Amino acid sequence: MKRILLFVLVCVLLAAPVTEASWGWWAPTAPSIQQPPVWSQPSWPNPQPNPNPNPNPNPSTPILPTQPSNPGSKVPLPNASLTSDEQSLINQVNQERVKNGLKALQIDYQLVALAKQKSHDMAVNNYFSHVSPTLGTVYTMLDRAGVSYSRAGENIARTGSVSRAHPLFMNSDGHRANILHSGYTHIGVGIVKQGTSYHVTQIFIKK
């Protein structure tokens with residue numbers, strides 16, 4: 001009898017499911033600070049309403065797909081004249097230069113036009129780089145426009161507030177070096193708004 005009970009007990013234990021406990025830990029990561037913020041389009045498709053809720057049952061009449069809107073096409077062309085924000089950025093550059101014993105830069109309206117063109121191009125084509133897929137580099141732009149120069153430089157920024165552009169430039173070694181370069185004589189600034197972002201371009205040259 002004892003053997004039978006022992007055999008039954010062993011069978012019950014072997015038939016019981018095996019369980020496993022696991023544990024883990026989670027810690028929040030500090031958000032990375034990036035200036036200026038860069039936004040990208042989501043990779044998932046944007047659901048569109050059915051353009052034809054009652055489709056024609058005739059298969060010989062195809063239904064044309066709807067064309068997605070181009071966000072860049074909604075960016076208006078910048079004003080040809082120098083805006084108050086652009087003048088303010090030039091004033092801040094010259095204040096830094098005078099404070100550091102350098103000559104103030106003169107406004108060159110050809111450079112202003114090119115800086116506006118570059119900012120608009122970044123907004124329309126949704127990129128942030130010194131090399132434009134359509135305009136090339138700042139040197140390409142200057143040469144194409146027939147601007148005479150012996151030295152040239154470019155600062156670009158994308159920010160949610162125009163007032164943050166100058167501090168961003170001054171807190172970056174490369175951008176600060178352009179602003180305080182003793183060789184430059186002229187400047188042009190262009191600002192273009194796209195949604196809640198501002199695209200800022202500064203072009204420096206030595207004539």
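I call a residue buried under 20% relative accessible area, exposed over 50%, and partly exposed in between, with a 1.4 Å probe and protein chains only. By that rule Asp108 counts as buried, at 7% relative accessibility.

**Ground rules.** The model is predicted: I take local features at pLDDT of at least 70 and side-chain atom pairs only at pLDDT 80 or more, while totals for chains, interfaces and linings use all residues. I number residues from 1 along each chain as its sequence is written, and side-chain values use heavy atoms, with hydrogens and water left out. Helices (H or I, at least four residues) and strands (E, at least two) are DSSP runs, numbered from the N terminus.

**Entry 1: helix 2.** I checked the length of helix 2, residues 84–99, which has 16 residues. The expected span is 1.5 Å times one less than the number of residues. That gives 22 Å, and the end C-alpha atoms are 22 Å apart, so the two agree.

Next I asked which residues of helix 2 are buried. They are Glu86, Leu89, Ile90, Val93, Asn94, Glu96 and Arg97. They cover an arc of only 155° around the axis, which puts them on the same side of helix 2. The arc is that of the directions from the helix axis to the C-beta atoms. An α-helix has 3.6 residues a turn, so residues three or four places apart point the same way.

The face turned away from the buried side of helix 2 carries exposed Ser84, Gln95, Val98 and Lys99. After helix 2 comes Gly101, with a positive phi near 75°.

**Entry 2: salt bridges.** My criterion is a side-chain nitrogen of Lys or Arg within 4 Å of a carboxyl oxygen of Asp or Glu. I find 4 salt bridges in the structure.

- Lys116 and Glu86 meet at 2.8 Å, N to O. Lys116 lies in helix 3 and Glu86 in helix 2, so the pair ties together parts 30 residues apart in sequence. Lys116 is buried at 4% relative accessible area, and Glu86 is buried at 0%.
- Lys207 and Asp108 meet at 2.7 Å, N to O. Lys207 lies in the segment after strand 4 and Asp108 in the loop between strand 1 and helix 3, so this pair ties together parts 99 residues apart in sequence. Lys207 is exposed, with a relative accessible area of 53%.
- Glu154 and Lys118 have their closest N and O atoms 3.2 Å apart. Glu154 lies in strand 2 (residues 151–159) and Lys118 in helix 3, so the pair ties together parts 36 residues apart in sequence. Both Glu154 and Lys118 are buried.

**Entry 3: strand 3.** How many of the 9 residues of strand 3 are buried? I get 7, so strand 3 is largely enclosed by the rest of the structure.

For pairing, I require that DSSP finds at least two bridges between two strands. Strand 1 and strand 3 pair in the parallel sense over 2 bridges. Gln106 has His186 in strand 3 as its bridge partner. Strand 3 and strand 4 run antiparallel, joined by 9 bridges. Val189 stands opposite Gln202 of strand 4. The hairpin of strand 3 and strand 4 has 2 residues between the strands, and Gly195 takes a positive phi near 65° there.
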